[in-house]
Amino acid sequence: MLNLAFGSFKEQLHQHLAQQGYADVGSSFGYVFRLLENNPQNLKQLAESLGMTPQGALKIVNDMEAKAYVRREDDATDARVRLLHLTPRALALMKVARAFHQEFEHRLIESMGASKIKAMRAVLEQITADADYGLPKLRPL
């Protein structure tokens, strides 16, 4: 049920993003957005955080860069390293996505009642708290 619910949520989110001008969002972009939002990383770090090979991460980063969601900049402390940063377009998309998340939860509260949604949130928070890792890992490509 969790997988079906997540799939439905993700489909609705992507439809909403497309309506807002973000029809080009890849399925793994959200993980990268969250990882880079407050912590620019180099490609190797990003690949490790995603639990995939650097080649797989490079494929995602190249796609995100081509769609103007990520930019590469030289590291100020080591000129050999290029750090990945989110672009203003990515930050704007994240704002739209977060607003959708809040509206989605609000609609659930309206249709099911606050106490049920509070209980559901507590269950989901417990499930994620029991996990050994922070963000969900992607499978290696």
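Which residues make the nonpolar surface patch of about 430 Å²? I looked that up after the overall layout.

I am working from a predicted model, where local features need pLDDT of at least 70, side-chain atom pairs count only at pLDDT 80 or more, and totals for chains, interfaces and linings use all residues. Residues are numbered from 1 along each chain as its sequence is written, and side-chain values use heavy atoms, with hydrogens and water left out.

**Layout.** I find 6 helices and 2 strands in the protein chain. Helices are DSSP runs of H or I with at least four residues, strands runs of E with at least two, numbered from the N terminus. The order from the N terminus is α-α-α-α-β-β-α-α. The C-alpha trace spans about 55 × 35 × 25 Å along its principal axes.

**Burial.** I note 30% of the 141 residues as buried. Buried means under 20% relative accessible area, exposed over 50%, and partly exposed in between (1.4 Å probe, protein chains only).

**The patch.** Leu2, Met120, Val123, Leu124 and Ile127 make the patch. Its members have over 30% relative accessible area and no salt bridge, and nonpolar side chains (Val, Leu, Ile, Met, Phe, Trp, Tyr) are joined within 5 Å. A salt bridge would be a side-chain nitrogen of Lys or Arg within 4 Å of a carboxyl oxygen of Asp or Glu. Areas come from the Shrake-Rupley method with a 1.4 Å probe; for residues, only the protein chains shown count as cover. Helix α6 (residues 114-129) gives the largest share, 4 residues.

**Leu2.** I place Leu2 in helix α1 (residues 2-19). Leu2 counts as exposed because its relative accessible area is 52%.

Technical notes:
Patch = residues over 30% accessible without salt bridge, like charges linked within 9 Å, V, L, I, M, F, W, Y side chains within 5 Å.
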